[in-house]
Every structure is written in structure tokens, then in C-alpha cells.
Amino acid sequence: MKKYINLNNVGKLALSFAIGAVSTAQAQSVSKFLLPDTNYTAISTEQERAMQQQRQQAARPDVSVAGTQLAKIPVANLTNTLYGQLNGLMVRQNNGQPGYGQASLYMRGRSTYDNNTIVCYVDGFQVDLSFYFQYLSPHEIEHITLLKDPVSLATFGMKGANGVLWVTTKRAKSSAFNIDAQVLSGVQQAIKLQKPYDSYQYANLYNQAISNDRYLMNGNQYRWSPQYTEAQLKAYQDGSGTNVDWLDEALKKNTPYTDVHVNASGGISDVAKYNLFLGHTAQNGLFDVPGSSAISTNSGLRRYSIRSNVDLKFFKIFEARIDLGGRIESYRQPLSHGSYDQAASFWRELTTYPNNIYPVKDPTTGNWSGNTLYPNNPVAQLHATGMHTSHDRTLQGNFFLKENLGFITQGLYLSQSVSFNTWTRVIQNKTATYARFYNGNQATSDKTTPITFGANTPYGQLTWRQSNIVAGYDRKFGDHDLSAAFNFYASDMIPDANEDATKLNYRFQNFGGRTRYVYNDRYQAELGFGYSGSDSYAPAYRWKFYPAASLGWVASQEDFLRDNTLISYLKFRGSVAKVGNDQTFQGRYLYQQYYRYVAGSVTGNNSLNYNNGISLGRLATENITAEQSVKYEFGVDLALLNKVNINVGWFKDNRSGIISKNNLVPGHLGYTGGDMLPFQNIGKVTNQGFEFGVSYRDQVGEVGLGLDLMGTYAKNKINYQAEIPNKNDFSNSTGRAIGTPLGLIADGFYQFEDFDAVGNLREGIAKPSFGPVQPGDIKYQDLDKNGIVDNNDITAIGNPNYPKFYYSFNLSVAYKGFDLSALFQGSAGMSVNLLDASYNQVVPFIGNRTIYPIAGNAWAYYPDQGIDTRNQATFPRLTTVSNTNNYRNSSFWMKNADFLRLRSLQLSYTIPEELTRQLHLKQLKVSFTAVNPLLWSSFYKEYGLDPETTSGYPGLKSYNMGLSLNF
């Protein structure tokens, strides 16, 4: 019988956590710093003892996922393959726009209200998440590891506090020639497009809204006074009136997606080996534009990737690696508003223009329709305004040399590596415009113009030079096992000076080290450190020391458990570390005094003159330095019957020194403007929680079974942020979770009985301070009981927009060449503020917007028309004018956004070997994959909105067929 045990050769591909940025080449030698992987395969019972010994070394909180696992989610952006794959990594979907679909990544929730961005390294060198990491192909990746162990992170110094994604690309495993390739093609669709009401429903509800606006204060009643006549309503109802579904007219239901890749590897024995990757990705957008013409285009992405990893050995002492990776990307999108980055404006008009304003084309002239109130015909914006194109080029070259110094003492080595990484972007705009016609007449001053080709303009450039020197030692003496590695890492990142001349080089250096001692495969101790320096701080505060320590006990190696048939493995581990975070949204060189231009100031002795000039700006903070994180972790790793692996851990992150504006500087110092207040290391946040992971592997006859279940719960609290104290403590953000929404507590709707005969609120009812109210408006609680509802009554009204609990489970079944896998991922404990997330859909009529079903059950009372929703209304009264009372942050608009999503479903079949041999192939496999096909959410069910992408370009689901071969 075969067992399913973790078989990824993590020893040979292990990450060297003893250093901050070390090439994976020397990591191959630091074989004691092992990590578990999520990629499993069947092995024989005779191998179990060896694998258990490996697992004793490998069990630690850092987790990995294989590139082959990520490839089961065929999407254009790598970040969208990471949902539920790495325990502790919380991934939030943004949108599906080609080239702009990067997901948000957080390790164990939020630990700082400043920059919480995770740091990424590819083959030992840091890369940018936006310009480099997100566009990697999973087919060129061996595995991705989430580093979250405090000792692992401390060795990165100022780069470790937010967690690290460590990416290892594929290398040749042997010198035998091998090719694997895949062709995948499918269709992508919007997960959800919530449509507004049609013209008939719009007109009916508009009549209700305009009548509400004619409320009789003297008499406390509503009078039915419709805008649309019965004849107009009948025309909309029978189809003779204008009723344009703008979403249907502008968007496709399906759009193609294609991905092709080839990996070729081979070599000459152990002297020289190579792995060559070639990839192509093509993704079209959802806009209904036929192909690409001179003046229009669909949105789209074309990507061509190449990577060459070469391994060399010579003179029995030296090892070398030469890694080259390049990528060319082209993006295009309609130029809807004279600027390439106006997607938000286009989607706002597409989703808010009413269906009854005009036909797509003027029926009299055949030209594009439009008028002064709704000038930008959404369909014409796609077809007749031109296009924006951008072309990116990326190149990374890594060069590594290692000297095995075993002739001096066994296990000693040195290595040196350098990396050169460049990214450039060139853009071109092709512009045009069109005349707008309404009822046969030109309605605006716009003229139809031919396409104008703009110049190819350099837009951005980034150059990154990095180097690393490592000294390591790895040796076993009987029952004693000692591993150590120390490194010096230097980074010089040159941002785009053309875009912003003030962007100076980012220079960073780090001395890192880690020593690990294991006695008798039972007792483990580790010491690590990072000593980092950044040029963002003054010389006296530029360098910081970050120590770390951990202890581990493999209880299953003790005599009382060594031969236990139930417990295959049991380990207890604990660690503590101090780590830094030099990423901040507040800018660089905060230790220097800044000045600002003042538009006008009154000066003079005898006569006063109004002059402009330079004035003192934000107050400098000489001792500003990197944010600090003290991390604690305790965990238990358990394996039962060599089938079930269980990992449970508790973690805590105490952040201090968060760079914050000191709002408590006394006003008598003259720093009265918010932009003049100094930034200081004063913020404090605590984030803590727990993680669990369960994996099960078994073979029942010819059926292989697998289950992976993981979850992370993280809760944070702002302990201090120099917040200006509010009148009432319940209005403060301090003491709450980062991003906790504040607002008023809604208490139903005002009813007629709340008003007297002349329309004033009765005595005893708190008076709102946000303008006049009338029946059907939202009523709020007067929390401080002073008889007035104002901003002093705001308090917490929901959860932040990121989850407290993030979980996933992956099911797999294999039988006679068939493999079925399903990845589910969910989030809980988060809220969505509809006013922030989907304002254009939840504020009907105001600003000439249309209306959506969310407002269909609005408060109304017109008994003569058979309308009375007073007791069951779920939306305030409709209005066509601005309403500052109803549309403000309150608990009424905060909605539970918990969800469970089927992220990936894949069914594959491997053709029997006897047939593939006849085709001179090693393996041939066909597969069907569905991405994001199902969603369970009360928010989705009730409001018709995706809880992750509530507005703008929608998130995508897709259905794909793939053909994979190996020869």
C-alpha cells in the first residue's frame, strides 16, 4: 500500500532563511533550513522513515505552494492564483481589467495602519510586486514560499515585518532532455453585472422621487405629482419607447483567453544543466468592440515571457548559475475620455446613464446620440474616441558563483551573486472625438474628427541593482547538527526620474545571519539577526539591529513516542523576533526640513503688501526611523498515521514606531495646518490570532484521496496614533481595529407621526443637524443624549473591509488517470460600505443617475396610487435632489460581506502510457478548468453585487480547456 507524503525535494530547493536576500544556489547547501510544500505524491512504505526524518527538519510555520498547483487556476495575473494556497496569506480580489487585475496581499491581516505591503523576492533578489511579480507565469515557478516565522523574517531586517514571498523559478532536475508544454484556451465572463431598472421601472420610481420632493411641510403630507405621463409609461412598457440596455450594448458576454507555454530542460551530466521557459498569454476585455480599428479597440493584454536558468559545476569546487528572465507586455484599452487612465469615469457613465435618455444612434441622422445632460454616449465612447496602448519591457539577470571549501573544513562554503533588473514603459494615445445628435439636431459643440496618432512617449523606468555575499557552514557531528549562514546584501533601486525628478535612488543594505543547532534530531535552537540600513533616515538613525531566537522540541523522537503507531510526528516550537518595516506612505527624508510655496502672505512695516513666496513646511523629525515589529509565535505540528498532518499556531505582532502625523502638537507653536504637522515614530498597533492547517492523504484501492484545510484568524487594535480626541470616546478610532468604519447608528425611518402639523419634528425626538428631514428619511440615534444628532454621535458601525477570518479547503480525488480537484476559499468578519464601494448604484436619481433594484423597495406613501411601503421599506425615500441626511456614513449602509467562493474546479485525464508511447510522448493530459464559477454570499444574494468587486470593471470567471504533453 502507498502513502501520500510531502515529496517535493525541498532540501535541494530549500530557501536559505539565514540571509535577507540570498540566491537559491547556496540555499541548496543550507539543507537544514527546510520548508514543507503543498505538493504531494505517492511514495512506498520503505521511504516513510526517511521522509519522517526530513519532516522533522522541515516542520516550521513558513509554508510553500508548488507552481504546478498555482497553474490549476489559469488567469493572467499571478496574484489571482494565490487564494487559499498559503496559510496566513490573505488575498483580496480587485477587478478583472486586463493588465490591472492585481489582487491585494496581506500576511495575517493588518498589523500597521501605514504601509502593510508584503515584500517579494524572486530567486533571491527583491522585485516589485506591481511591475514584476504579478506578471510571472506559474509555469516558470518551482514554488512560492510565504515566510512568516519570526526568525525567518528577522534576517531580512527592515524588509521583514510585513512578511516575505520567496519565489523560486524552475531549474533542470537532471541532465536528461525533457520538454513539457501546455496549450490552454477558454472564455472569460463577468462574475456579476448588476443591471439597473429598465425605462418603465425607472420612470415609475422617478415619478415617486419627484413627488417626494414636493412634500408639503404645511400639512405634513405627500402629493402625487408625476414627471412621466401614463402615455409615456405605456410606451416604455410595450417597447415603443426608448429603452437601451447600456451594459448589453457596451459589453460582451464572453471574451477569449489563451495561455501557451513550453519548458525545456537538459544538460551534460552534472557539469551543465539548463531550463528554458517560453510563454505567451493573451487576454481580451469585455468591451463589445469588433477587433481593433483605427479609432477603437477592446481592452486587452498580450504577454511574451522567456526565462533561461543555467547551472554549471567545474573543478569540483565551483558552482555557477546564470539566470536570465525577460518579458514583453502590450496593453490596450479604449481612450474614452482623452486620457488613458479614465476607466472609472467610463464605468460610472456606463452604469449610471438611464435607459430612456436616447437611442445608441440618433434615428434621424444615424449619428451617435448625445445631449448636454448625458454627453458621453457609452457605446460611442468605446467606438469613436481612440485608444491607449502601452508597451512594457522587463529584464532580470542574476549571476551567481559558489566556492565549496570542504578542503578547508567539511561543510564550509562561500558565494557571491549579483542581480540587474530593469523595467520600462512606453505609451501612445490615438485620439478622436465625435459629434453628438439628439432628435435630428447636433446637441453639443463636439465635432467628428479623424484619428490623431500621438508620439510614443516614455512613461516609466525602473532600474534595480542588487548584490549578495554569503558565508555558510553545514555539518553534522554524530548527534550534533550545526548549520549557519551569514550574508551581506546591498540594493540600489533607481526609480523613474523622467516621471518625477524628486525620486532619488533607494539604497538599502543588510547584514543577515542565522545559526541552527539540532541535537539528536529532537532539540532544536536557532538564533538569527538582521542589521539593516536605509538612506531614508538620518545617519545617526539609519541602522537598526533585529535579533531573533527560536526553540523546538520533536517529541515524537523521544523513546515514549518513537514507536507510537498513531502519532507519526509531534513537534512543539516557539520563536520571538524584532523586525523592521521601512515602507511608508508618508514619504522619504522626513528628517529634513521641507518648505512650501505660499500663494499669498501679508508683509510690510508701514504699508501692508500681499506677496507670495516660500514658507516653512512640515516640521522635520531628526530621529525618524523604520517602524518596528516584535513578533511572537508558538505552534504545534502533528502527524497521525502518516496520513494526517495538523499544524496549529498562535501569533502576536506588536508594532511600534509607526510613522504618524502628530496631531497633538500644540497650536501655539504655529503649526496649525495639517500639512505642517511633523511625522514621528509614535503609532502602536497589536495584531494577534491563530492559524490551523489540516492535510489528509490516503490511497483506497485505486482511489487517491486528498484534503487540505487551512484558516487564519487575525484581530488587530490601534493602541496609539496621536488622534485628536473627539468629544465622546465612542467616536475615537484608537482602541479599534485598523480601518474600522465610523458613522451614525441608523434607527429606522422617520414616519408621519414624528412630525407636527407644520412639518417640524415633535418634542422629544432628537433633531438632526444635516439639513431638513421629512417622512421616509433615515433616523439616527442620539448617542450622547443631548437632543441633537451630529458628528459627535458617530461610532463604530461595522467591520473593516478586510476579513478577520480567512479560510480555504482543497479537495482532490484521483482514479485511473482521472484527477478531480476543487479549491474553495472564504472570508468572514468583514463589511462593505455601500456608499464607498458602489456609490453610483446606491444613490439613485441624484446627479441624473439611474436606479438599481437595491432602491426598489423605498419608503413611500401614496395610497391613491396603491403605494404604501412604510412598514416594510428597506430603502429611504427616493429623491432627485441632494440629501445630506440619508447619504452619509451610517450603519444603514454597512453590510456583511462574508462569502465562500469556489475558486477553481479542475478535471483532468492522463492518457494511458501505452498510448502515449505510440505518439513518442512521456505523458499526455487533457483538462477542463473552471475559475470562480460559484459564489455563496448573503451580500451577493441580497444586493446582486460581488463582495470583492462591487463596482467598476467586474471580477472574472472563466471556463478553459487545456492540453498538456511531456516528451
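Reader: How many bridges join strand S13 to strand S14?

Author: This is a predicted model, in which local features need pLDDT of at least 70 and side-chain atom pairs count only at pLDDT 80 or more, while totals for chains, interfaces and linings use all residues. Residues are numbered from 1 along each chain as its sequence is written, and side-chain values use heavy atoms, with hydrogens and water left out. Strands (E, at least two residues) and helices (H or I, at least four) are DSSP runs numbered from the N terminus, and two strands pair if DSSP finds at least two bridges between them. Strand S13 (residues 300–314) and strand S14 (residues 318–334) run antiparallel, and the number of bridges joining them is 15.

Reader: Which residue takes a positive phi in the hairpin of S13 and S14?

Author: Across this pair, Leu312 has its bridge partner in S14, namely Ala320. The hairpin has three residues between the strands, and the one with a positive phi, near 60 degrees, is Phe315.

Reader: Which residue in S15 is the bridge partner of Glu319?

Author: S14 also pairs with strand S15 (residues 386–404), in the antiparallel sense and over 17 bridges. Within S15, the bridge partner of Glu319 is Lys402.

Reader: What is the phi of Leu641, in the turn between S28 and S29?

Author: Strand S28 (residues 627–640) and strand S29 (residues 644–661) run antiparallel and are joined by 13 bridges, with Gly635 standing opposite Gly649 in S29. The two strands form a hairpin with three residues between them, and the phi of Leu641 in its turn is positive, at about 60 degrees.

Reader: Which residue in S30 is the bridge partner of Ile659?

Author: S29 pairs in the antiparallel sense with strand S30 (residues 679–700), over 16 bridges. In S30, the bridge partner of Ile659 is Asn681.

Reader: With which residues is Thr584 in contact, leaving aside its neighbours within four places in sequence?

Author: Thr584 lies in the loop between strand S25 (567–581) and strand S26 (595–603). Contact means heavy atoms within 4.5 Å. Once those sequence neighbours are set aside, the residues in contact with Thr584 are Asp114, Asn115 and Ile659.

Reader: Why do the buried residues of H6 line one face of the helix?

Author: Buried means under 20% relative accessible area, exposed over 50% and partly exposed in between, with a 1.4 Å probe and protein chains only. In helix H6 (residues 230–238), Leu233, Ala235 and Tyr236 are buried. Seen down the helix axis, and taking the directions from that axis to the C-beta atoms, the buried residues of H6 line one face because they fall within an arc of 160 degrees.

Reader: Which exposed residues are carried by the face of H6 turned away from its buried side?

Author: On the buried side, the cover includes helix H5 (199–212). The face of H6 turned away from there carries the exposed residues Glu230, Ala231, Lys234 and Gln237.

Reader: Which helices do the buried residues of H8 pack against?

Author: Helix H8 (residues 343–352) is largely enclosed by the rest of the structure, because seven of its 10 residues are buried. Phe346, Trp347 and Leu350 are among them. The buried residues of H8 pack against helix H7 (246–250), helix H9 (378–383) and helix H11 (839–842).

Reader: Is Tyr274 buried or partly exposed, and what is its relative accessible area?

Author: The place of Tyr274 is in strand S12. Tyr274 is partly exposed, and its relative accessible area is 31%.
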